[in-house]
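Please consider the sequence and the structure shown below. The account that follows is intended to be read with both at hand.

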Amino acid sequence: MGDDTMAANTLRRETLGELALRNAEQMAFPATEWEANTLAEVLALPRVTVTRPPEEQLLAAGMLPYDCHANCFAQAANDPDRVSRHVFGWLIYGSDLILHSVVETRGHWLCLTPQSVQAPSQFQFIPDPFIEWLDTGDGGRHAFRCGVRLPKALRKYPAYHLRMWDELNDLMASGMSAFDAREMVDVTLGAELRKMEPI
């Protein structure tokens, strides 16, 4: 294996480790009655099947990895025929609903977000008409639902995410890289979570 390949692999592991760490932190928030009630409300909404074009096609079109909201906003704003509609909602991922944006064009639902890891070419999505993006006064825009600022996800089993975050931090404190710590947590607590009843 050449030096360039080794350097690329090291950079990829570091990037994926940072992404995993950021995602785990965003999923590790205390459970609330609001989350449980909102999860039940969202699960009662209709679902659609979304198709994800190949990563190379999305990258060639200038789509940004892991920035679904910006990608879909840009697509809808720059569509000369004005047939692309930016839709907010929830990606169904195991026992969690992940806040996500897609584009609907003439009845076709598309995910415009390249992924650094292999992802299914189709997935279930719940459009949520109650989500709106508002200026927050700090120079940013954030998603709100019925006046409540939305977290990254709605979780069916929030205690698992809190345990995963604690375990991840313990492993990293022992000197393990974020990538390796995430792999180890996925083999243990992640495997347990995948055995739980999905949404």
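The paragraphs below take up confidence, strand pairing, aromatic rings and one serine in turn.

The model is a predicted one. Over the protein chain the mean pLDDT is 91, and 95% of the residues reach 70 or more. Among the elements of the chain, strand E1 (residues 48–51) has the highest mean pLDDT, 98, whereas helix H1 (residues 3–27) has the lowest, 78. Where pLDDT is low, the predicted coordinates should not be read in detail.

Attention may now turn to a sheet. Three strands, in the order E6-E7-E8, form an open sheet with antiparallel pairing. The edges are taken by E6 and strand E8 (148–149); each has a single partner strand, so one side of each is left without a neighbour in the sheet. Strands of a sheet pair through backbone hydrogen bonds, either parallel or antiparallel. Between E6 and strand E7 (residues 141–145), the antiparallel pairing extends over 5 bridges, and Ile-131 has Arg-145 in E7 as its bridge partner. The hairpin of E6 and E7 has 5 residues between the strands, and there Gly-137 adopts a positive phi near 85°. E7 and E8 also run antiparallel, joined by 2 bridges.

The structure holds 1 aromatic pair, formed by Phe-88 and Trp-133. A pair of aromatic rings is described by the distance of the centres and the angle of the planes. Here the centres are 5.9 Å apart and the planes make an angle of 40°, which gives a tilted pair.

The charged end of Arg-155 sits over the ring of Phe-29, at 3.5 Å from its centre. Arg-163 lies over the face of Tyr-160, 5.2 Å from the ring centre.

Strand E2 also contains Ser-84. Is this residue, Ser-84, buried or exposed? Its relative accessibility is 11%, and because buried means under 20%, Ser-84 counts as buried. Which residues are in contact with Ser-84, leaving aside its neighbours within four places in sequence? They are Gln-75, Ala-76, Asp-79, Val-103, Glu-104 and Thr-105. With Thr-105 there is also a polar contact between the two side chains, at 3.3 Å.

Key
Residues numbered from 1 in each chain as written. Predicted model: local features only at pLDDT ≥ 70, side-chain atom pairs only at ≥ 80, totals over all residues. Heavy atoms only, no water. Phe/Tyr/Trp six-rings, centres within 6.5 Å; stacked < 30°, edge-to-face > 60°. Lys NZ or Arg CZ within 6 Å of the ring centre and 35° of its normal. pLDDT = per-residue confidence, 0-100. Helix = DSSP H or I, 4+ residues; strand = E, 2+ residues; numbered from the N terminus. Pairing = 2+ DSSP bridges. Buried < 20%, exposed > 50% of the residue type's maximum accessible area, 1.4 Å probe, protein only. Polar contact = N/O pair within 3.5 Å; in protein donor to acceptor, adjacent residues only side chain to side chain. Contact = heavy atoms within 4.5 Å.
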